[in-house]
Amino acid sequence: MEFVVMYSVREGTDRSRLMETFPRHKAFYEAFRAAGGGLIALGPFQTTDPAAGSMGIFSSREDAERFIAEDPFVTEGLAEPRILDWNAVRFE
């Protein structure tokens with residue numbers, strides 16, 4: 001079982017705030033991963049919908065919860081997170 005964190009941009013969020021917060025978000029996710037935080041993948045959706053947000057995939061619910069508790073996008077009130085249990089079928 002893996003865990004997907006879905007972010008949607010909070011209504012009324014100024015897009016320029018996302019861009020100025022992004023360097024802190026990037027530094028956070030790089031440090032989280034380097035420390036063995038169970039982050040498998042993450043990234044934004046490529047869509048014209050300004051609230052489409054992004055998602056991350058984690059190896060445990062605990063890692064997903066810890067990530068969103070400390071991510072600047074969440075702590076600064078820019079993104080609304082949601083955790084989904086994901087029973088992925090892998091074809092390797």
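This is a predicted model: local features need pLDDT of at least 70, side-chain atom pairs count only at pLDDT 80 or more; totals for chains, interfaces and linings use all residues.
Visitor: Let us turn to strand 1. How many bridges join it to strand 4?

Guide: Strand 1 and strand 4 (residues 79-86) run antiparallel and are joined by eight bridges.

Visitor: How many bridges join strand 1 to strand 3?

Guide: Five bridges connect strand 1 to strand 3 (residues 54-58), and these two strands also run antiparallel. On this side, Val4 has Ile57 of strand 3 as its bridge partner.

Visitor: Is strand 1 mostly covered or mostly open?

Guide: Strand 1 (residues 2-9) is mostly covered, with six of its eight residues buried.

Visitor: Now the aromatics. How many aromatic pairs does a search of the whole structure find?

Guide: The search finds five aromatic pairs. One of them is formed by Phe28 and Phe32, whose ring centres are 5.8 Å apart and whose planes stand at 50 degrees, so the pair is tilted.

Visitor: Where do Phe28 and Phe32 lie?

Guide: Both lie in helix 1 (residues 15-34), four residues apart, which is about one turn of the helix.

Visitor: Are they buried or exposed?

Guide: Phe28 has a relative accessibility of 13% and therefore counts as buried. Phe32 also counts as buried, because its relative accessibility is 5%.

Visitor: What kind of pair do Phe32 and Phe58 make?

Guide: The ring centres of Phe32 and Phe58 are 6.2 Å apart and the planes stand at 85 degrees, so the pair is edge-to-face. Since Phe32 belongs to helix 1 and Phe58 to strand 3, this pair ties together parts that are 26 residues apart in sequence.

Visitor: Is Phe58 buried or exposed?

Guide: Phe58 counts as buried because its relative accessibility is 1%.

Visitor: Which residues do ring pairs link into a cluster?

Guide: The cluster consists of Phe28, Phe32, Phe58 and Phe67, linked by ring pairs.

Visitor: One last topic: where is Glu92 found?

Guide: Glu92 is in the segment after strand 4.

Visitor: Why does Glu92 count as exposed?

Guide: Exposed residues are those over 50% relative accessible area. Glu92 counts as exposed because its relative accessibility is 89%.

Visitor: What distance separates the C-alpha atoms of Glu92 and Leu78?

Guide: Their C-alpha atoms are separated by 36 Å, and the two residues are 14 residues apart along the chain.

Technical notes
Residues are numbered from 1 along each chain as its sequence is written. Side-chain values use heavy atoms; hydrogens and water are left out. Buried means under 20% relative accessible area, exposed over 50%, partly exposed in between (1.4 Å probe, protein chains only). Two strands pair if DSSP finds at least two bridges between them. Rings of Phe, Tyr and Trp (its six-membered ring) pair if their centres lie within 6.5 Å; planes under 30 degrees apart count as stacked, over 60 as edge-to-face and the rest as tilted.
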